[in-house]
Amino acid sequence: MSEVQIGGMVPFTTIDFPGRLSAVLFLCGCPVRCKYCSNPHLLDIADGEYDPEKTFEWIRSRVGRLEAIVFSGGEALMQGDALIEYMRRVKELGFNICLHTNGFYPETLMRASDIVDWIGLDYKATCEKYPDLTGQNIAFDHMIKSLDAWVLTGRGLEVRTTCDPRFVTKSDLLEIARDCAGRGVKNFAVQKYIPHFEDAAHPETDAAAREQFFNDDALRAEIDAMFDTVTWRG
Ligand code: SF4
């Protein structure tokens, strides 16, 4: 596949690259199958709905109006060199480049490290629970390789954990936070699980279960003390 495949777009946001006026492109394809995925229509590499060159011209029209372009997915790095070349062209227009990634492609991430200014990296669960959540035995090891390699670059990084009560307990969250702090992460985010339509079948994800991470003052204080910044994203 030689052209980048774009499956979705948000023309304006201030939350996907925190504090920056951005647009988000959602790239097609993902190598894992998280049980809580909110973008199932993007999981297969297929022809994107958005023409890459028309999208590029739209991005060019945003020069001076937006600060950054966010590449999300799916898993954008699955598109390898096509993505890297596209990001390079967007950066040459003067935009900051942000990448949301599950960390599955550490080598591709490092090849893009001179282009990408900031990443939001998913640390989804403890090592033991990763295969059940993602359907992939190697996803945790790849994510850790990406994390360790990116920390060494000194470039912008937020590690985020989405607290789906089926896969993350409060004790898991502390274990993840401690591991991140030990690896040199400075910015951590705890994300509230947003239920999907099929969740009526999962009463263990009810509102009280989702809130438990956010209304435990002792837990919050312990995690807050580990990092320069902690975002409690509810
Ligand atoms: S990594 Fe993201 S896009 Fe891929 S399956 Fe998981 S939630 Fe969905």
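These questions and answers go through a predicted model of a protein chain.

Author: The model is predicted, so local features need pLDDT of at least 70 and side-chain atom pairs count only at pLDDT 80 or more, while totals for chains, interfaces and linings use all residues. Residues are numbered from 1 along each chain as its sequence is written.

Reader: What makes up the secondary structure of the protein chain?
Author: Eight helices and eight strands. Helices (H or I, at least four residues) and strands (E, at least two) are DSSP runs, numbered from the N terminus.

Reader: How do you know whether the protein chain is as compact as a globular protein of that length?
Author: The globule rule is 2.2 Å times the number of residues to the power 0.38, and the radius of gyration is taken over C-alpha atoms. For 234 residues the rule gives 17 Å, and the radius of gyration of the protein chain is 17 Å, close to that value, so the chain is as compact as a globular protein of that length.

Reader: What makes β1 and β8 edge strands?
Author: Two strands pair if DSSP finds at least two bridges between them. The open sheet has the order β1-β2-β3-β4-β5-β6-β7-β8, with mixed pairing. β1 (6-13) and β8 (229-233) each pair on one side only.

Reader: How do you know that β5 and β6 pair?
Author: Five bridges join β5 (residues 118-122) to β6 (residues 156-163), and the two strands run parallel. The definition asks for at least two bridges. Leu121 stands opposite Val159 in β6.

Reader: Why is Val159 called buried?
Author: A residue is buried if 20 or more other C-beta atoms lie within 10 Å of its own, exposed if 12 or fewer, and partly exposed in between; C-beta atoms are placed from the backbone. Val159 has 26 C-beta neighbours inside 10 Å, so Val159 counts as buried. Buried residues make up 36% of the 234 residues in the protein chain.

Reader: Which residues is Val159 in contact with, leaving aside its neighbours within four places in sequence?
Author: Contact means that the C-beta atoms, placed from the backbone, lie within 7 Å. By that rule the partners of Val159, apart from those sequence neighbours, are Leu121, Tyr123, Leu147, Cys180, Val185 and Phe188.

Note on methods
Two residues are in contact if their C-beta atoms, placed from the backbone, lie within 7 Å.
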